[in-house]
Amino acid sequence: MVKTETVLAERGLRATQSLAELWTAALPPEVRDLVYLPTARPNGQDIAWAERVIEASDWPLLPNLLPIMPVDERSFACVVLSDADGPTLPGEGAVVRWHLDVKDKSHQARLLDVDCMSYVWSIAEELRARDEGLTIVLDEVGPAYQEAFLANDKRPRDFIVRPVRIACQNVIVGLAAFSQDSAFDGLGVVAWQACEVPHVATNEATRALAALMLCDAFKSGGTMEVRFDRPARATGLSRQIRGHPEGRVPAGLRRLGRTVGVELGLDDPRSISPGEARELFRAVTPMPDDLRGRVDFATTNEGIAPERLYFALMTGTWHPLELDFMLATTGRTASIISGGAHWRDRSARQAESEVCRAAVMAGMLHNRLNNRDSAGEGSGVRVLEDNRQGVRWHVDADDACVEYANLDSSQPLPWCAHGPAARLRVFPRTAVTPRTIEAMRTVGDDTTAALLVPLDSPVTVPSDILVMRCSDRLADLDKAIEGKLLTSRISRA
């Protein structure tokens with residue numbers, strides 16, 4: 001430790017209290033050979049060795065970071081020793097992931113945990129239970145599920161223990177097994193584990209597995225409580241699975257919770273309470289800031305169950321822009337997100353149809369602006385890659401319009417005869433009123449205003465109004481909307 005303290009002093013830094021505790025603690029056997037110490041080790045892998053490896057890469061280590069252990073073969077867990085880099089890094093004492101090779105700078109130094117002691121001990125807990133968890137999913141539940149259901153082309157009921165596997169580029173990054181348990185009207189989990197791999201963003205495997213688990217808890221119709229200590233018997237297995245190998249909320253899931261500000265297992269270490277599940281569901285659901293604010297307002301003031309909104313976004317039932325538009329422009333979102341008004345309530349049904357049509361057209365336009373099709377390019381080869389433009393949107397609740405920014409300046413606007421535009425504000429409508437025309441004429445000169453209507457809309461507007469005709473007819477829009485409403489109605493058991 002003296003050697004490292006001397007090096008840190010030369011940098012004008014000091015070891016955090018938790019780091020000093022880590023170096024002097026009796027480490028669990030699972031991580032004893034993984035944690036880097038200031039002094040040389042028999043295998044030669046100490047702090048100095050890790051720093052030499054990082055410095056030889058394309059991403060030299062920041063001066064206020066200190067590697068403490070490997071995350072995978074191409075990244076290290078590093079402790080933040082000071083706030084010298086300001087808001088670009090978490091606070092002093094936090095643990096971040098430093099990649100040796102990463103393409104996007106935004107993925108570098110992402111938060112792994114809030115404290116090095118918590119991080120190291122959570123990794124030890126994970127490794128201690130990993131072999132048993134793998135056996136449950138890969139050797140027991142998986143083969144039994146394959147034989148009982150997949151081989152017979154049968155769909156399991158919610159109370160059947162179901163294996164879950166998440167992979168990215170043919171690499172398995174998450175495994176789980178769970179079922180709906182009527183004993184406490186919640187989700188029982190007998191296996192749950194994720195890992196970090198070089199080509200997947202920090203905590204993304206854990207976030208994806210958590211989101212899938214919470215979506216299943218909502219879909220099954222329970223209270224959103226998730227327990228990890230309940231025994232279960234998988235179809236086709238002779239022995240009873242006693243519960244999750246860790247016997248409590250998994251360490252990796254608790255670590256994810258700490259990084260997003262949600263403490264899990266406070267009421268009961270062996271379970272995630274319904275309140276904690278909703279907070280975690282909110283944290284793992286990707287949303288723009290404007291939409292997150294509107295979702296929070298709606299769940300607090302309009303009586304909308306938050307998990308229903310999160311489920312609609314995570315399953316793709318409603319595009320984020322569509323939900324953002326509905327929350328901003330109508331008070332009927334609670335009814336729409338639950339499947340819509342009864343067909344006999346004609347006035348309510350018509351009002352919901354109008355806002356849904358506008359929202360769907362706005363979402364289609366965003367997809368068209370944000371995704372560039374490479375078909376017909378000079379090479380003559382269509383390359384299917386992620387070529388999103390990064391178009392941002394903002395919904396104006398007063399005028400019920402959507403403004404798009406960061407457009408591709410080399411491409412003309414779609415669905416109309418107009419050249420490129422830096423900013424675009426559209427007014428999605430199926431019928432035009434004088435107020436809409438007036439609002440369009442007040443848009444600033446640096447923004448192009450357009451009226452967005454269905455393909456077969458018979459609207460007539462003044463010559464100075466730009467009209468964009470959606471690629472779908474009104475009947476096509478209504479068919480797509482009815483599919484979304486039906487999914488919303490039957491999504492929860």
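Five strands of this predicted model form an open sheet with mixed pairing, in the order S10-S11-S12-S13-S14. Strands pair here if DSSP finds at least two bridges between them; strands (E, at least two residues) and helices (H or I, at least four residues) are DSSP runs, numbered from the N terminus. Strand S10 (392–396) and strand S14 (467–469) stand at the edges, each with a single partner strand, so one side of each is left without a neighbour in the sheet. From one strand to the next, the twist averages 30°; axes are lines fitted to C-alpha atoms, for helices over the stretch in contact, and angles run from 0 to 180 degrees between N-to-C directions. Strands of a sheet pair through backbone hydrogen bonds, either parallel or antiparallel. Strand S11 (residues 401–405) and strand S12 (residues 424–428) run antiparallel and are joined by 3 bridges. Within S12, Leu424 stands opposite Tyr404. Helix H10 (residues 320–329) packs on the sheet and touches S10, S11 and S12, with its direction at about 20° to that of S10. Contact means heavy atoms within 4.5 Å.

Residues are numbered from 1 along each chain as its sequence is written. Because the model is predicted, local features need pLDDT of at least 70 and side-chain atom pairs count only at pLDDT 80 or more, while totals for chains, interfaces and linings use all residues; side-chain values use heavy atoms, with hydrogens and water left out.

**Overall chain**

The secondary structure of the protein chain comes to 14 helices and 14 strands. Its C-alpha atoms fill a box of roughly 80 × 60 × 50 Å, taken along the principal axes. Of the 493 residues of the protein chain, 51% count as buried, where buried means under 20% relative accessible area, exposed over 50% and partly exposed in between (1.4 Å probe, protein chains only). Among contacts in the protein chain between residues at least 6 apart in sequence, 55% join residues at least 24 apart.

Val355 has its place in helix H12 (residues 346–370) and counts as buried, at 10% relative accessibility. Not counting residues up to four places away in sequence, Val355 touches Phe325, Met326, Thr329, Thr330 and Ile336. The C-alpha atoms of Val355 and Arg429 are separated by 8.6 Å, although the two residues are 74 residues apart along the chain.

In helix H2 (residues 17–24), the residues Ser18, Leu19, Leu22 and Trp23 are buried. They cover an arc of only 140° around the axis, which puts them on the same side of H2; the arc is that of the directions from the helix axis to the C-beta atoms. The exposed residues Gln17 and Thr24 are carried by the face of H2 turned away from its buried side.

**Aromatic pairs**

A search of the whole structure finds 6 aromatic pairs. Rings of Phe, Tyr and Trp (its six-membered ring) pair if their centres lie within 6.5 Å; planes under 30 degrees apart count as stacked, over 60 as edge-to-face and the rest as tilted. Two of the pairs are listed below.

| Pair | Distance of centres | Angle of planes | Class |
|---|---|---|---|
| Tyr145 and Phe149 | 5.3 Å | 35° | tilted |
| Phe218 and Phe311 | 4.8 Å | 40° | tilted |

Being 4 residues apart in helix H4 (residues 116–150), Tyr145 and Phe149 are separated by about one helical turn. Both Tyr145 and Phe149 are buried.

Lys484 lies over the face of Trp318, at 5.2 Å from the ring centre; a charge sits over a ring if NZ of Lys or CZ of Arg is within 6 Å of the ring centre and within 35 degrees of the ring normal.

**Positive phi angles**

Gln169 is not a glycine, yet has a positive phi of about 55°. Gln169 is found in the loop between strand S5 (162–168) and strand S6 (171–181), and counts as exposed at 63% relative accessibility. Asp185, also a residue other than glycine, has a positive phi near 55°. Asp185 lies in the loop between S6 and strand S7 (186–194) and is partly exposed, with a relative accessible area of 35%.
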